[in-house]
Amino acid sequence: MKKTIITVVGRDTIGIIAKVCTYLAEHRVNIEDISQTIIQGYFNMMMVADTSNADLSAADMSRELKALGETIGVVIRCQHEDIFNMMHRI
Amino acid sequence: MINIFEVHETNQMITQENLDVRTITMGISLLDCIDSDLDRLNEKIYERITTRAKDLVKTGEDIEAEYGIPIVNKRISVTPIALVGGAACRTPEDFVSIAKTLDRAAKATGVNFLGGFSALVSKNMTAADELLIRSIPKALAETDFVCSSVNLGSTKTGINMDAVRLMGEIVRQAAEETKDNSCMGCAKLVVFCNAPDDNPFMAGAFHGVTEADAIINVGVSGPGVVKHALEQVRGESFEVLCETIKKTAFKVTRVGQLVAQEASKRLNVPFGIVDLSLAPTPAVGDSVAEILEEIGLESVGAPGTTAALALLNDQVKKGGVMASSYVGGLSGAFIPVSEDQGMIDAVNAGALTLEKLEAMTCVCSVGLDMIAIPGDTPASTISGIIADEMAIGMVNQKTTAARLIPVIGKTVGETVEFGGLLGRAPIIPVNTFGCEAFISRKGRIPAPIHSFKN
């Protein structure tokens, strides 16, 4: 099953992970892995998620997560894993 | 599994370095719309385009959202209209009515350009070809999204100089017809030598007669990504420089291949090609000129420019071909003046001339692109510039093109604004010595010999 990669980039504040996880749980998305690091002074979080049981389309989820990010002041991107596989794996 | 640094690298390319897919272009054959009744023909064309491309824009937007990669343009190319309209059109006005139908269809499908108001006259013109060519100025003035192209020569046939002479006049008329709108007609009109059948980029896209009923072609971009990668290898050897360009081109092209496959699958239309072009935009940091300067030129146009561009173009192809199963179209670095801030600056600084641009077109795709020239440039001089560009393509067995804008009422030192992706262009000086007697000769330049290569 293809995974979805959700990234959150921005200034670290309280509750970012909670809000993203709550949204994902509400839409029946399973989080399989979370990693985080600081790159060039910014908080970077990456989640690997399984959206096969999600109650909305990948495109809509991507748009909603982007909007959610705007409300909490971070950039949230939700992307099909293939864009990274294509670029970084032969 | 993908790691966080790889994800970060990809997303940095997209958000900071202007990585995008420049266009998904759906090629649509109109050959079976041919009808001797003009009204019926127009109806069939509208119906065909709006049915085939109904979901093109929506699908593009969905792929954009799901993969997080901007897809800047969704476009359509159609069979050259001189072939489609030949049976029904008796006057240039008849062809203008088809242009208006194409424009309506483009607006109904939500695409931002539709190419294929075209004639292929590399050897000679049919009556229909000539009618279409004569209709171009009015067709472009009275439509918003229709683009026109004319293939004037090829390595196999030589150059049709009668058509070159006519196009000099047509380019001037197209400028006159749209002089209150930045001479926009000329920005939507390009002439070619060796025009490809599967080019997804405007203004020269058309759906060749060798193609299927419908096809998806994708054009990638990414000058900003290449420039950023080269900033990390300043002062290194040519080997390191070339490796860096190749690796970056590979990554950029893989994204195009992914988008092309997805669009093809979702639209149930076969995948044609990925066009490997480095296509700049007027945005800062999205410039081919800046890559050449990063390679080591004080300004694009300086001695060394042609060699640097040859290197860049070749490495982009070498990196790109492995990333895609089918590569086609124009595939090379574009050097449009108005659409590249670095080129604009170089012209303004006096570093880049028309003659140097012509030399650059010998080693890259695609030609003298989006170049504003003085409004009083005679038609014969425009034909002369076109003939020179066609000769470069013919002899070197490559695609070349010319998209020249004589800016009516303006001269060297002034600037013309097109807006959007078309940008703005400083008017460049043109050699004022004439070529009237040369252009007045009738007939065609024979095809070059294909042996004795020197």
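Two strands are taken to pair if DSSP finds at least two bridges between them. In this predicted model, strand 1 (residues 4-10) of chain A is joined by seven bridges to strand 4 (residues 74-80) of chain A, and the two run antiparallel. Within this pairing, Thr4(A) has His80(A) as its bridge partner. Strand 1 of chain A is also joined by seven bridges to strand 3 (residues 42-50) of chain A, again in an antiparallel arrangement; here Ile6(A) stands opposite Met47(A). Because six of its seven residues are buried, strand 1 of chain A is largely enclosed by the rest of the structure.

Chain A and chain B touch through 22 residues of chain A and 18 residues of chain B. On the chain B side, two or more residues come from each of helix 1 (4-16), helix 3 (56-67) and helix 10 (238-267). Helix 1 of chain B gives the most, with six residues. By class, the chain B side of this contact holds eight nonpolar, five polar and five charged residues.

Chain B itself is assigned domain 1 (22-193) and domain 2 (219-445), whose C-alpha centres lie 22 Å apart. The contact between these domains takes 43 residues from domain 1 of chain B and 45 residues from domain 2 of chain B. Several elements of chain B supply at least two residues each to the domain 1 side, among them strand 1 (21-28), helix 3 and strand 4 (146-154). Helix 7 of chain B provides the largest share of that side, 11 residues. The residues of the domain 1 side divide into 22 nonpolar, 12 polar and nine charged.

How values were computed: Residues are numbered from 1 along each chain as its sequence is written. Chains are lettered from A and ligands numbered from 1 in the order in which they are written. This is a predicted model: local features need pLDDT of at least 70, side-chain atom pairs count only at pLDDT 80 or more; totals for chains, interfaces and linings use all residues. Two residues are in contact if their C-beta atoms, placed from the backbone, lie within 7 Å. Helices (H or I, at least four residues) and strands (E, at least two) are DSSP runs, numbered from the N terminus. Ala, Val, Leu, Ile, Met, Phe, Trp, Tyr, Cys and Pro count as nonpolar, Asp, Glu, Lys and Arg as charged, and the others, Gly among them, as polar. A residue is buried if 20 or more other C-beta atoms lie within 10 Å of its own, exposed if 12 or fewer, and partly exposed in between; C-beta atoms are placed from the backbone. Domain bounds come from an automatic or database domain assignment.
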